[in-house]
Amino acid sequence: MTHDSPVTDINEDSLHVEAPETAAAGLKAVTVALQRGLEQAGPWRTARSLLRINQRGGFDCPGCAWPESDGKRKTAEFCENGAKAVAEEASVSAVTPEWWGSHPIETLRDKTDYWLSKQGRITEPVVLRPGDDRYRRISWTEAFDLVGEHIRATTPDRCVFYTSGRTANETAFMYQLFARSLGTNNLPDCSNMCHESSGSALNPTIGIGKGTVSLEDIHEAELILVVGQNPGTNHPRMLSALAECRAKGGKVVAVNPLPEAGLLHFKDPQNLSGYVGEGATISDEFLQIKVGGDLALFQALGHLLLEEEKRAPGTVVDHAFIEAQTEGFEAYAAARAQIDWDETERATGLSRLEIATVANLLAKSRATVVCWALGLTQQPHSVDTIREIINLLLLQGNFGKPGAGACPVRGHSNVQGDRTMGIWEKPKEWLLAALDREFGIASPREHGFDSTETLHAFEKDEVDVFVALGGNFAQANSDTEALEAGMQRAGLTVHISTKPNRSHVVHGKTSLILPTLGRTDRDDKHPKGRQFLSVEDSMSMVHATQGRLEPISDHLLAEPVIVARMAVAALGEDHPVDWRAMAEDYDVIRDHISRVLPGFEDFNARIRTKNGFVLPNPPRDTRTFATDAGKGQFTVSPLEYLEAPEGHLVLQTIRSHDQYNTTFYGLDDRYRGIRDGRRVVLVHPEDLAELGFADRELVDVVSVFRGEKRRAERFRLVAYPTSRGCAAAYFPEANALVHRDNVARESNTPGFKAITVRFERHAAAEDEARAGQLS
């Protein structure tokens with residue numbers, strides 16, 4: 001099915017604002033989910049896909065990385081946003097070569113990602129060569145020859161291979177093998193921009209860069225802290241787990257600058273009770289913290305726990321665990337012995353009583369889980385903040401026992417699996433040595449570019465070939481103007497994609513778009529018939545995923561096939577890696593993985609079991625820590641928080657309810673009461689008044705970092721109950737405000753939650769004001 005651009009692009013003047021909602025899900029979520037599916041995919045494809053999503057023998061939802069139960073699963077094992085993600089991919093609208101031919105690049109550059117995505121699935125490979133004004137059809141053979149030609153014409157260090165978390169394990173393993181066979185570790189990925197701070201904090205302190213809990217631990221916890229995340233939109237199935245925890249007597253504390261609906265109440269659409277009343281309460285306590293105040297909060301909680309242990313020795317601190325399994329406790333205890341409460345209250349925006357209330361819950365709990373997401377990972381001191389969480393968990397022995405542990409909640413459905421498969425610019429020696437033994441190659445040892453370093457490399461014209469396996473790099477990263485300009489100076493950009501996006505229209509001098517199968521599509525064009533792939537969820541469970549829908553075009557290739565054919569084109573037919581064998585039979589890939597990666601022994605047999613298998617996790621499995629010293633590490637960090645100068649606020653970027661990263665399902669941020677507009681800034685009414693602005697006023701947003709300014713024009717100010725001194729705006733629209741050097745220390749993650757901004761009346765608004773005064 002083709003069409004002539006029936007989708008109307010965003011008109012920010014249509015913005016509509018209502019009061020925020022106080023409960024997530026319910027009948028409205030069911031209605032919206034079905035409506036989106038029917039609109040985009042039709043009744044047959046919608047029913048066929050929704051009945052298979054997150055089911056055994058079906059496909060893993062591309063909407064998030066929340067795990068499934070090992071036991072009986074519900075018929076509707078998905079949430080509203082999962083259904084939207086499937087509808088987006090299962091769309092019957094087609095972007096054909098003729099569509100590209102009727103849309104010049106200059107026209108497409110004026111379109112938003114919302115409009116581009118709504119055009120449909122890309123059906124054939126297309127190319128844009130120097131001097132062309134639009135993409136044109138190219139055969140697969142010609143496309144791969146072009147990739148090989150450009151790669152051979154440069155050096156490996158000037159080639160960059162980006163990937164999004166949507167990529168399956170087998171594809172990710174092949175992709176990193178391709179890059180290292182060429183001779184580069186330039187493997188930036190979406191993890192660099194989201195949970196890299198988590199890995200940077202966890203690896204040195206507990207010896208693993210992943211969470212240490214299972215889904216059952218969430219159910220069995222006595223206390224769960226949900227910090228810097230919005231489960232109602234970003235991983236709604238987590239709400240069911242939190243509700244089950246509370247039903248069993250556990251307590252939940254939410255820590256967030258915004259009073260998100262999913263942190264307040266949950267109307268479970270799987271139960272009759274979800275359709276009446278205000279829904280189940282999710283949070284027993286809600287700490288509305290200032291953006292960037294979390295480090296101060298966790299230091300204060302540590303101080304109060306140690307004080308309570310002094311008052312009642314042996315009741316709070318797990319001394320036996322600390323002595324046997326950790327190092328650094330004495331230094332930590334000395335650092336937390338004193339606290340400046342005035343500064344702590346200023347840093348957090350919380351009262352001493354509010355903090356003490358949560359400390360009391362911690363002191364009484366014998367099994368605590370701390371969950372966190374991007375609200376903690378995208379600030380200069382993010383790594384220190386997460387280390388402070390680990391300090392609290394170590395203090396009470398909350399590792400390796402039921403209902404306890406660390407839980408970084410990932411967004412992409414396989415971002416954790418990508419890293420497990422070796423997608424990392426700083427690989428460990430054991431991985432490179434294992435690859436070399438298995439394949440007879442010589443992997444490079446020099447570290448490569450992460451996502452932020454890739455942005456710098458683009459700016460310095462150090463990238464000749466940029467390959468993106470999924471994702472929308474131009475919109476996902478910071479400093480948008482500089483990044484887009486740099487991408488357009490590259491010699492070749494290659495985008496392995498399902499739908500059009502902004503990165504396709506801020507392309508290199510030569511640009512290829514290679515259409516691939518999606519998660520929901522059937523993959524059966526192989527000598528041995530239909531193939532399946534695997535993914536790893538947020539809790540280290542590896543399981544199979546297999547699409548069942550008829551692909552929209554006969555010209556689509558599976559991602560492993562695309563990677564294999566690029567590798568053969570660049571490296572030649574006589575390369576020692578059996579690229580063609582892996583592309584023809586994914587069992588061959590899994591056999592290689594089983595011999596290279598610990599925990600994947602007998603991969604092909606274990607992935608075919610009912611629930612897949614769980615990867616080893618020493619802190620969870622044996623209460624041991626594979627750190628350099630072989631013990632869990634207490635750490636000491638200085639107090640640090642974000643403060644804006646007078647006349648400024650600290651802005652964080654957020655996702656709308658109709659959005660998955662840079663993909664927009666629609667223009668309805670229903671829970672926050674925002675509709676039909678995205679260029680908004682949420683600001684506390686009292687801050688608006690103090691700054692001299694009015695609700696709904698049109699402004700330009702100016703960020704300042706180390707004396708350099710960034711400007712984003714035409715945003716509407718919206719009075720909203722966020723924390724005082726803070727503001728929020730949607731990404732990627734606000735990404736332009738993040739200076740490329742505004743990053744988290746150690747992890748190099750962009751500071752999307754650490755933007756110092758001020759507002760200036762937009763010129764049109766000033767004209768309107770003057771006209772109003774004259775009249």
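This is a predicted model: local features need pLDDT of at least 70, side-chain atom pairs count only at pLDDT 80 or more; totals for chains, interfaces and linings use all residues.
Which residue caps the N-terminal end of helix 26? It is D585. A side-chain oxygen of D585 lies 3.0 Å from the backbone nitrogen of D587.

First, the overall picture. The protein has 775 residues. Along its principal axes, the C-alpha trace spans about 75 × 75 × 55 Å.

The protein holds 30 helices and 32 strands. Buried residues make up 64% of the 775. Now take the contacts between residues at least 6 apart in sequence. Of these, 79% join residues at least 24 apart. The accessible surface comes to about 27,000 Å². Carbon and sulfur atoms account for 50% of that surface.

Back to helix 26. It covers residues 586-596. Which of its residues are buried? They are Y586, I589, R590, H592, I593, S594 and V596. And what do those buried residues pack against? There are several helices: helix 7 (169-182), helix 20 (429-439), helix 24 (559-571), helix 25 (579-584) and helix 27 (603-606). Strand 19 (533-536) is a partner too.

Follow the chain on from helix 26 and you reach a loop. D602 sits in that loop, between helix 26 and helix 27. D602 has a positive phi of about 55°, although it is not a glycine. Is D602 buried or exposed? The cut-off for exposed is over 50% relative accessible area. D602 has 53% relative accessibility, so it counts as exposed.

Compare S540. This residue also has a positive phi, about 70°, and is not a glycine. S540 is found in the loop between strand 19 and strand 20 (541-545). Its surroundings are another matter. S540 is buried, with a relative accessible area of 1%.

Next stop, strand 18. This strand covers residues 510-515. How many of its six residues are buried? Six of the six, so strand 18 is largely enclosed by the rest of the structure. Here is some background. In a regular strand the side chains alternate between the two faces of the sheet. Now look at both faces of strand 18. On one side are T510, L512 and L514, and on the other are S511, I513 and P515. Every one of these residues is buried, and both faces are covered.

What about the pairing of strand 18? Strand 17 (residues 492-497) pairs with strand 18 in the parallel sense, over six bridges. L492 has T510 as its bridge partner in strand 18. Strand 5 (residues 126-128) pairs with strand 18 in the antiparallel sense, over three bridges. There, L128 stands opposite S511.

Between strand 17 and strand 18 runs a loop, and T498 lies in it. T498 is buried, with a relative accessible area of 15%. What does T498 touch, leaving aside its neighbours within four places in sequence? It is in contact with G120, R121, I122, R166, T516, L517 and G518.

Three strands form an open sheet, in the order 1-27-26, and the pairing is antiparallel. Which strands lie at the edges? Strand 1 (16-17) and strand 26 (668-669), each pairing on one side only. Two bridges join strand 26 to strand 27 (residues 674-675). One of the details: D669 has I674 as its bridge partner in strand 27.

Two cysteines come next. C159 is buried, with a relative accessible area of 1%. C726 is buried as well, with a relative accessible area of 2%. How many disulfides are there? The count comes to zero, using a cut-off of 2.5 Å between cysteine sulfur atoms.

One last feature. Where is the cis peptide bond between F731 and P732? P732 is found in the loop between strand 31 (726-730) and strand 32 (755-761). The omega angle of that bond is about 10°.

Find D585 at the N-terminal end of helix 26. Find strand 18, with both faces covered. And find the cis bond that joins F731 and P732.

Definitions and conventions
Residues are numbered from 1 along each chain as its sequence is written. Side-chain values use heavy atoms; hydrogens and water are left out. Buried means under 20% relative accessible area, exposed over 50%, partly exposed in between (1.4 Å probe, protein chains only). Helices (H or I, at least four residues) and strands (E, at least two) are DSSP runs, numbered from the N terminus. Contact means heavy atoms within 4.5 Å. A polar contact is a pair of N or O atoms within 3.5 Å; within protein, one must be able to donate a hydrogen and the other to accept it, and residues adjacent in sequence count only if both atoms are side-chain atoms. Two strands pair if DSSP finds at least two bridges between them. The radius of gyration is taken over C-alpha atoms; the globule rule is 2.2 Å times the number of residues to the power 0.38. Accessible areas come from the Shrake-Rupley method with a 1.4 Å probe; for residues, only the protein chains shown count as cover.
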